[in-house]
Amino acid sequence: MRNLWTKAGVLGSVSVAFGSMLWSQKKTEPDQVTSGCTSASTNPDSPYDLKLVQVLFRHGARTPLKSIPDVMEVHWVPTLLEPPAHTKINYVVTDLQGGPQPPAPVEESYRTNILTGGTFPGQLTAVGMQQLYELGKRLRRRYIEENPFLRPTFSPTEVYVRSTNILRTIESAKCLVAGLFQQNQKDTVPILTTEAESEILYPNYHGCKLLRILGGHRWAESSTLPDIAADLQRIQNALGIGAHQRVDFILIRDDMVARETHGLPCPPVLDTWRNMVEQRAVDMICHIYEPSKRENLQLCVGPLLHTMMLNIEEKLQGTSSEPNRKLFLYSAHDTTLMPCLMALGIFDMRWPPYAADITLELHEHRKTKEAFVKVSYIGQDQLIPGCSGVYCPLQEFKQALSAYSLTSELYQSLCNSTEGVTEP
């Protein structure tokens, strides 16, 4: 089993989402409305009261998961990983019940390889830490300074923090909290995680057999599609990558963006290929997720969407075990955000940048008490297809997500329904 996990950690930016599958086999604009800087409930004349906020975000900049083979190498030195002092807080990582942190096989797989310069693949850098700190400051302006929705000091009864059990997302959550509360805490910050087999914060190819089978087929096909394959051959020739090397556009993009973000040199020839690399990486991920087929997105993010809807329902019904909870923070991956954006109908055919966030706000109309949900992506309010406005009536929002949201029972049933489906 350890060998299977080891294979996962080095095969491109989808290695987390496609973990088990890889272990076993080795612009158009959306409808957007520009967001104002303040929450609706900041304005006493606004008809809405803010009740709950949920933020799903990507980790910050990191070392690449694998370097492009046969090209000029850069040095990923340990000093790139030194945390800025203002991002430090007291925190503890636990399982979902508050017990010891579960084993972390994906993280362990990264430790079996060392990049040139002496660091491990997939590690959050100081640049990434600062990106999440800045995201925390943006949330602070919106929910503490401009609108006293949250208290200025961290409270575990008010704020829930969950992360995938991978160091870069755990550290990203820590840095966001540091920015949000400016290191003001009376309590240790609990960051909750779960074992890899039951993770819902990325498409779980290890825990869902049907997803592993379907995804395996789509992954194998993605680099062999005629247009993608032809362009891949051209860029391999241009970069001088040997024909025996296993590369794809997602791997090339991952290393390219990591270098650019940290001011490290890229092969000059990549300058002319940059837009194609971006486009083809997105083309690959769209083929793998195949958003036109509802079942694929259900298996990728159905349990996560159900959890976020359940948080809304419990807040409205007063049935939450933590009645004072106002903020849910979910630290995850690009491969989490993309299928969520697809399910919401707002994917803009661009790879989510480091520290990108999807934010769901629950509002209540002050007079009618009707509930509304407002979705934003990287700070921009979104008009969800099926919704009559940016402030989407809850029933319309539930209907929009109903095709993709899955209870854990339905998810497990679907994952196990593999009769007649063959392994790739």
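The sulfur of C300 lies 8.9 Å from the closest cysteine sulfur, that of C208, which is too far for a bond; a disulfide is counted where a pair of cysteine sulfur atoms lies within 2.5 Å. The model is a predicted one, in which local features need pLDDT of at least 70 and side-chain atom pairs count only at pLDDT 80 or more, while totals for chains, interfaces and linings use all residues. Residues are numbered from 1 along each chain as its sequence is written, and side-chain values use heavy atoms, with hydrogens and water left out.

The confidence of the predictor in each residue is given by pLDDT, on a scale from 0 to 100. The mean pLDDT of the chain is 90, and 88% of its residues reach 70 or more. Over residues 1–13 pLDDT stays under 50, and the model has 40 contacts beyond four places in sequence for this stretch. A contact means heavy atoms within 4.5 Å.

Buried means under 20% relative accessible area, exposed means over 50%, and partly exposed lies in between, as found with a 1.4 Å probe on protein chains only. C286 is likewise buried, with a relative accessible area of 16%.

The structure holds 2 disulfides. A disulfide is a covalent bond between the sulfur atoms of two cysteines. One of them is formed by C208 and C415, with sulfur atoms 2.1 Å apart. The angle about the S-S bond of C208 and C415 is -105°, and this link is left-handed. The pair connects distant parts of the chain, 207 residues apart: C208 is in the loop between β5 (189–193) and α6 (209–222), whereas C415 belongs to helix α13 (residues 408–415). Helices (H or I, at least four residues) and strands (E, at least two) are DSSP runs, numbered from the N terminus. C208 is buried at 0% relative accessibility, and C415 is buried with a relative accessible area of 0%.

The other disulfide joins C387 and C392, whose sulfur atoms are 2.0 Å apart. The torsion about the S-S bond of C387 and C392 is about -75°, so this disulfide is left-handed. Both C387 and C392 are buried. With the bonded cysteines of the chain numbered in sequence order, the pairing is 1-4, 2-3.

In helix α13, the buried residues are Y411, L414 and C415. These residues lie on the same side of α13, because they cover an arc of only 100° around the axis, the arc being that of the directions from the helix axis to the C-beta atoms. The buried residues of α13 pack against α6 and α10 (294–317).

Strand β8 (residues 371–377) has 7 of its 7 residues buried, so this strand is largely enclosed by the rest of the structure. On one side of β8 the buried residues are A371, V373, V375 and Y377, and on the other they are F372, K374 and S376. Two strands pair if DSSP finds at least two bridges between them. Strand β7 (residues 357–365) runs antiparallel to β8 and is joined to it by 7 bridges, and E361 has K374 of β8 as its bridge partner. A hairpin is formed by β7 and β8 with 5 residues between them, and K369 in the turn has a positive phi of about 65°.

Strand β9 (residues 380–382) pairs with β8 in the antiparallel sense over 3 bridges, with Q380 in β9 as the bridge partner of Y377. The hairpin of β8 and β9 has 2 residues between the strands, and I378 takes a positive phi near 50° there. Strand β10 (residues 392–393) is paired with β8 in the antiparallel sense over 2 bridges; here F372 stands opposite P393.

The largest nonpolar core has 83 residues, and those with the most contacts inside it are I235, L270, I358, V375 and F397. Helix α10 gives the most to this core, with 9 residues. A nonpolar core is a set of buried Ala, Val, Leu, Ile, Met, Phe, Trp, Tyr and Cys residues joined through side-chain atoms within 4.5 Å. Leaving aside residues up to four places away in sequence, F397 touches M309, L344, L360, V373, V375, C387 and C392. Another core, of 32 residues, lies apart from the largest one and has V159, I170, L176 and F181 among its members.
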